[in-house]
Amino acid sequence: DILVSIDTSKASVMSTAIAAGADIINDVRALQNDGCLAAVANSKIPVCLMHMQGLPSTMQNKPSYENVIGDIMMFFKQRIEACVSAGIARERIILDPGFGFGKTLAQNLNLLANLSVFRELGLPILAGLSRKSMIGNLLNRDVEQRLAGSLSTAMLAAQQGADIIRVHDVQETVDVLKVLK
């Protein structure tokens with residue numbers, strides 16, 4: 001009863017993981033690398049497309065957007081179209097706006113406050129905020145001291161319509177979401 005999600009941006013890893021029985025592909029590059037669209041299209045499993053400005057090595061070097069929400073929305077529309085054109089059924093797609101991936105603290109907070117905007121795309125939204133540096137920067141806390149901030153952002157993301165909340169502290173987050181419900 002446990003689903004296995006593989007985090008990769010490499011088509012060969014995707015194909016191998018799918019053949020080994022992986023249940024979900026999670027790609028920080030949103031299937032933009034060579035062969036990734038085909039690797040997922042040749043399967044029946046869901047894929048999580050994440051937004052990231054730049055590359056992991058450069059993404060936090062002065063992230064800049066004309067409009068962070070509008071720019072991410074445009075990116076998602078383009079990636080959804082690319083996936084569908086490649087033969088990936090729309091209902092297999094999950095969207096992750098990529099908190100902390102090429103975004104400043106202010107941009108992350110704006111994204112959290114407006115997460116519900118992405119509901120108009122009609123696809124599940126994943127929010128991964130647990131222990132993020134944005135929480136550390138906001139509260140001046142080290143990673144191991146970010147539980148309260150992580151729980152708060154999980155609740156806010158759920159209130160904004162996130163369907164999937166990626167967390168480190170499962171039981172505590174489940175408790176918060178039970179209270180919210």
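This is a predicted model: local features need pLDDT of at least 70, side-chain atom pairs count only at pLDDT 80 or more; totals for chains, interfaces and linings use all residues.
I started with the rings: Phe-75, Phe-76 and Phe-118 make up one aromatic cluster.

How many aromatic pairs does the structure hold? I count 2. In one of them, Phe-75 and Phe-76 sit tilted, with 6.0 Å centre to centre and 50° between the planes. I checked burial too, and both Phe-75 and Phe-76 are buried.

Next I looked up Phe-76 with Phe-118. Their ring centres are 5.7 Å apart and the planes stand at 80°, so I log this pair as edge-to-face; the cut-off for that is over 60 degrees. Where do the two residues lie? Phe-76 is in helix H3, while Phe-118 is in the loop between helix H4 (105–113) and strand S5 (126–128), so the pair ties together parts 42 residues apart in sequence.

Buried or exposed, I asked of Phe-118? It is buried, as its relative accessible area is 0%. For Phe-76 I also find a relative accessible area of 0%, hence buried.

Then I moved on to His-51. I found His-51 in the loop between strand S3 (47–50) and helix H3 (68–85). Its relative accessible area comes to 5%, so I put His-51 down as buried; the limit is under 20%.

Which side chain does His-51 join by a polar contact of 3.0 Å? I traced that contact to the side chain of Lys-103.

Last, I listed what His-51 touches, leaving out residues up to four places away in sequence. Among them are Phe-75 and Phe-76, along with Tyr-65, Ile-72, Asp-96, Pro-97, Gly-98, Phe-101 and Lys-103.

Methods:
Residues are numbered from 1 along each chain as its sequence is written. Side-chain values use heavy atoms; hydrogens and water are left out. Helices (H or I, at least four residues) and strands (E, at least two) are DSSP runs, numbered from the N terminus. Buried means under 20% relative accessible area, exposed over 50%, partly exposed in between (1.4 Å probe, protein chains only). A polar contact is a pair of N or O atoms within 3.5 Å; within protein, one must be able to donate a hydrogen and the other to accept it, and residues adjacent in sequence count only if both atoms are side-chain atoms. Contact means heavy atoms within 4.5 Å. Rings of Phe, Tyr and Trp (its six-membered ring) pair if their centres lie within 6.5 Å; planes under 30 degrees apart count as stacked, over 60 as edge-to-face and the rest as tilted.
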